[in-house]
Amino acid sequence: MNFDNYKFRPSSVGNLMVEPRSKSQALSETTKTYLQEIYLKEKFGREKIFGNKFTIKGNEVEEDSLTLASKKMGLLLIKNKETLENDFVKGTPDVVAPKLIDIKSSWDIFTFYKADMNPMYYWQLLSYMWLTGHTQSLLAYCLVDSPEHQIYQETRRAMYSLNLVDEEGTPEFDAMENQVRLNMTFSDIPLEMRVKTFIASYEEDQIEKLKQKITAARAYLNSLNMSGLRQ
Amino acid sequence: MSKEVAVKDYLQSPAVRERVSGLLNERSGQFIASVISTVNANESLATCNPATILNAAMTAASLDLPVNSNLGFAYIVPYNDKKLGKVAQFQMGYKGFIQLAQRSGQYQTISATEVYEGQLTAQDPLRGNTYDFTKKDSDTIIGYAALFVLSNGFEKDLYMSKEEVQKHAKRYSQTFKKGFGNWVDDFDAMARKTVIKLLLSRFGPMSVQMQKAIEADQSVLLDGDKHVYADNASATLTDAEKEEIRVREFIEAADDAEALKTGCATYIEGLEKGHSLIELYEGKLEELS
């Protein structure tokens, strides 16, 4: 198996940029673990299943978040469906026109409040700018209602954790149910407060660093075998 | 032409007269006059899709229920749906359900009422709740109850607390969540209807008319027999529908032709010929130019 032309996904390319503890090492342990998982997926088709309630919400409410961001920005935002690639990365940015935007749908007001630019998202946006030619991009966190089935599941979870099984109809159960729904729906909060944006700018020297890491990563992938030792 | 005249012309058109006559025979003239009267009494109805007004009225006529809102049997309610536009929705009143149940001949008695503090004396989900309507601890309504007794003696009641009814309204009515509509105008009547409808649909023998009424309640009848529950908050839109609504709202809100073109010309160009958004976009551009 040859990884000379393997293209990395912008959403996880940040894993390559974690600096190793020792300067004598080209790749960090975090990066190596990430690459080992790529190797096993490409070689044997096995991959860890990462779906969780946060990603489920993100997938299901993406259009709602686009609508919210559209209204806040005064722009018409349409979900991009085209996969873009160059010799190093391959991915599908959320919105490419009129601006390059990546949408993140926060789980609740607590995660939304703390939401910020982080290295993974930075490298993701940089990769998208590299793919599209945009010199600036936006990371947009949106706070939109959770799907009904998730509200139901969280209510059930709270019912067990608060020992309210078989207490349906009691004031305590109703209070819990109301609080869960309140925690997961946000139409009472003004629209302008429910979108947070962060700007990332294209930097050529950062792209060069990314290219070097991708080259090193490909070499590492080519060295892997089933014994876990480098050839 | 004003929208009121447009609705009136539609209702009096030969095609509509023929369709109504097919159902109501000699009563068709009176029926059309009553629908026009209903539209005249409600400004918002005059701007609704005339076909949905007629379909709602025909549903009421097929159930032999008057749509005079003062009587409380059935209503034609204007509704602004993001996808369908302004449409008329058929709504059953609680008196309408009682009327249909009585007509079936299977019910000895059927009724619904508010329950005040002190009147609900015992709750038993298996054997039925007990009430004492001779006393009232205060004027505070704590819930709503419906009861039927069948001709064979079988009896069943349903009680919902006020909070349960509010939760039901919030879940199934977007207009309630937004603060307008029948739920806001007459909460008690809608609550009585809710308990009766749930009681009948869960436990009561249903005549064909009653089944039709439940299916048609709070629906918009488009072409054919397709009921669309536009007000239902739990009805979910597909991603494609949400995108279309977003584009529609962007076009409708545009106040500058250049910004409109910049914003969505490319999207519009990618649509299939005849798509409704193309007409909306071109109309708006013309308006702004």
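Trainee: What pattern does chain A follow, read along the sequence?

Mentor: Along its sequence, chain A runs α-α-α-β-β-β-α-α-β-α-α-β-α, with 8 helices and 5 strands; helices (H or I, at least four residues) and strands (E, at least two) are DSSP runs numbered from the N terminus. This is a predicted model, in which local features need pLDDT of at least 70 and side-chain atom pairs count only at pLDDT 80 or more, while totals for chains, interfaces and linings use all residues. Residues are numbered from 1 along each chain as its sequence is written, chains are lettered from A and ligands numbered from 1 in the order in which they are written, and side-chain values use heavy atoms, with hydrogens and water left out.

Trainee: OK, and what confidence values come with chain B and the complex?

Mentor: Chain B has a mean pLDDT of 83, with 88% of its residues at 70 or more, where pLDDT is the predictor's confidence in each residue, from 0 to 100. For the complex, the predictor gives an ipTM of 0.84 and a pTM of 0.60. Where pLDDT is low, the predicted coordinates should not be read in detail.

Trainee: Back to chain A: how much of it is buried?

Mentor: Of its 231 residues, 44% count as buried, meaning under 20% relative accessible area, with exposed over 50% and partly exposed in between (1.4 Å probe, protein chains only). Strand E4 of chain A, residues 136–142, is mostly covered, as 6 of its 7 residues are buried.

Trainee: Which strands does E4(A) pair with?

Mentor: Strand E3 of chain A, residues 101–105, pairs with E4(A) in the parallel sense over 5 bridges, and Asp102(A) has Leu139(A) as its bridge partner there. Strand E5 of chain A, residues 195–201, runs antiparallel to E4(A) and is joined to it by 7 bridges, with Thr197(A) as the partner of Ala140(A). Two strands pair if DSSP finds at least two bridges between them.

Trainee: Switching to chain B, what is the strand order in the open sheet of 3 strands?

Mentor: The order is E3-E6-E7, with antiparallel pairing. Strand E3 (107–116) and strand E7 (155–161) of chain B each have a single partner strand and stand at the edges, so one side of each lacks a neighbour in the sheet.

Trainee: Is E7(B) buried or exposed, then?

Mentor: E7(B) has 6 of its 7 residues buried, so it is largely enclosed by the rest of the structure.

Trainee: How many bridges pair E6(B) with E7(B), and which residues face each other?

Mentor: Strand E6 of chain B, residues 141–150, and E7(B) pair in the antiparallel sense over 7 bridges; Leu147(B) stands opposite Asp157(B), and Val149(B) stands opposite Glu155(B). Their hairpin has 4 residues between the strands, and Gly153(B) takes a positive phi near 100° in it.

Trainee: Last topic: how many residues are in contact between the two chains?

Mentor: Chain A has 16 residues in contact with 11 residues of chain B, contact being heavy atoms within 4.5 Å. The area buried between them is about 1,200 Å², with carbon and sulfur atoms giving 51%; buried area is the accessible area (1.4 Å probe) that two parts lose on being put together, summed over both. In chain A, Glu63(A), Leu76(A) and Ile78(A) lose the most area to chain B, together 48% of what that side buries.
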